[in-house]
Amino acid sequence: MPRLYLRTTHFPLQAYRMSDDPESIEPTMTDARCERLELFFDSCPDEILGTLYYVVGNLEDARDALQETFLKCWHRRHQIDDIQNLRAWVFRIALNTGRDFRKTAWNRRRKSLQEDHPMASTADSPTDGLMKNEELTRLRRAVSTLPPEQQEVFLLRQNGDLTYSQIADAMSLPLGTVKTRMRSAIRQLRQSVGDLS
């Protein structure tokens, strides 16, 4: 199944080089934790943005939540040395940030941009690209109809590339519940989009 991510421009991490004082910005601050965090965000902003897009419901809020996710991770970078799976840690923070954004009344009143921003295709030819975009649009619509708890598990597995155990840890759920939610999500997606899922 294809990953559900949005293609975005390069994530401007250099703009967020901060000192321990959360209000200050330094142009040159280097340490292994900072570099590890920056490299991670440089490597997968599209996957995180795509996950947030489905959690919050529109692209503008997803971009805001991506920035907020980075800042939260940055302020907790002292924990990085103790983290075995940085990807699971970042996606858990992203998921929680997305939930917070989704809960606010201001975000619920905003117009969803789901129809206006198709996902990017990496197909070689224009015809293949058009077919791929149509398939991704159908899949995206189907994912957006999943119940939130199934949608979150599905996105962490597909976009976050997390194992079921990592998802269970990230969501503070029993492993069996994660597997049940994933099976239910896949069953519903197969009913909606057939062999695309």
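Y54 is buried, because its relative accessible area is 6%. Buried here means under 20% relative accessible area, exposed over 50%, and partly exposed in between (1.4 Å probe, protein chains only). Y53 also counts as buried, at 1% relative accessibility. The model is predicted: local features need pLDDT of at least 70, side-chain atom pairs count only at pLDDT 80 or more, and totals for chains, interfaces and linings use all residues. Residues are numbered from 1 along each chain as its sequence is written, and side-chain values use heavy atoms, without hydrogens and water.

Rings of Phe, Tyr and Trp (its six-membered ring) pair if their centres lie within 6.5 Å; planes under 30 degrees apart count as stacked, over 60 as edge-to-face and the rest as tilted. Y53 and Y54 make an edge-to-face pair, with 5.4 Å centre to centre and 85° between the planes. The pair of F70 and W74 is tilted, at 5.7 Å and 40°. Both residues sit in helix α3 (residues 59-75), four residues apart, about one turn of the helix. Helices (H or I, at least four residues) and strands (E, at least two) are DSSP runs, numbered from the N terminus. F70 and W74 are both buried. Ring pairs join F40, F41, F70 and W74 in a cluster.

L162 lies in the loop between α7 (148-158) and α8 (164-171). L162 is buried, at 0% relative accessibility. Its contacts (heavy atoms within 4.5 Å) include R87, A88 and F91, residues up to four places away in sequence not being counted.
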